[in-house]
Amino acid sequence: MEILFDRAGESSVGIVPKETAIGSIDDAMDAIGAMWGVPGCRKLVIYKESLDKSFFSLSTGFAGEMLQKYTNYRFCVAIVGDISEETARSRSLHDFVFECNKGRQVLFCETLDTALERLESL
């Protein structure tokens with residue numbers, strides 16, 4: 001787990017490296033575990049490439065369960081990467097992403113810079 005300080009330097013943002021595979025709830029919880037000891041660090045970036053493909057199929061329940069865990073532990077999470085192909089194939093995923101981006105707990109951003117900027121404002 002890499003720790004990156006936000007631009008204001010007041011809080012930390014944890015970045016899960018792209019090569020880290022998150023294919024289960026246990027994997028998702030490992031990211032929280034890695035961040036738990038860092039004071040004030042309740043913001044997390046996960047690259048699309050790290051997520052198992054089942055995350056983008058809402059019928060599996062993986063995305064909902066994983067993001068609910070992060071919310072329960074009061075983490076803000078940004079999923080980074082171009083998911084336009086996935087949202088084009090699934091209207092429900094498209095709507096889910098749209099609704100998430102209106103909130104303050106889960107964000108979907110195309111770039112790391114955009115994710116850091118949005119997390120900074122939370």
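Predicted model: local features only at pLDDT ≥ 70, side-chain atom pairs only at ≥ 80, totals over all residues.
Lys18 lies over the face of Tyr47, 5.0 Å from the ring centre. The charged end of Arg42 sits over the ring of Trp36, at 4.3 Å from its centre.

Trp36 leads on to other rings. Together with Tyr73 and Phe75, Trp36 forms one aromatic cluster. Now take the aromatic pairs. The count comes to 5 aromatic pairs. One of them joins Phe55 and Phe56, and this pair is edge-to-face. The two ring centres are 5.1 Å apart, with 75° between the planes. Phe55 is buried, because its relative accessible area is 1%, under the 20% cut-off. Phe56 is buried too, with a relative accessible area of 10%. Phe55 also pairs with Phe62, again edge-to-face. Here the distance is 6.2 Å centre to centre, and the planes make an angle of 85°. Both Phe55 and Phe62 are buried.

What classes of residue make up the lining of the largest pocket? There are 5 charged residues, 3 nonpolar and 1 polar.

Next comes a strand. Strand S4 spans residues 76-80, and Cys76 is found in it. Is Cys76 buried or exposed? Cys76 counts as buried, because its relative accessibility is 12%, and the cut-off for buried is under 20%. Cys76 and Leu44 are 32 residues apart in sequence. In space, they are 6.2 Å apart, C-alpha to C-alpha.

Finish at helix H5, which covers residues 112-120. Which residues of H5 are buried? They are Ala115, Leu116 and Leu119. These residues are on the same side of H5, because they cover an arc of only 95° around the axis. An α-helix has 3.6 residues a turn, so residues three or four places apart point the same way. The other side of H5 is another matter. There, Asp113 and Glu117 are exposed.

Definitions and conventions:
Residues numbered from 1 in each chain as written. Heavy atoms only, no water. Nonpolar A, V, L, I, M, F, W, Y, C, P; charged D, E, K, R; others polar. Buried < 20%, exposed > 50% of the residue type's maximum accessible area, 1.4 Å probe, protein only. Helix = DSSP H or I, 4+ residues; strand = E, 2+ residues; numbered from the N terminus. Arc of directions from axis to C-beta. Phe/Tyr/Trp six-rings, centres within 6.5 Å; stacked < 30°, edge-to-face > 60°. Lys NZ or Arg CZ within 6 Å of the ring centre and 35° of its normal.
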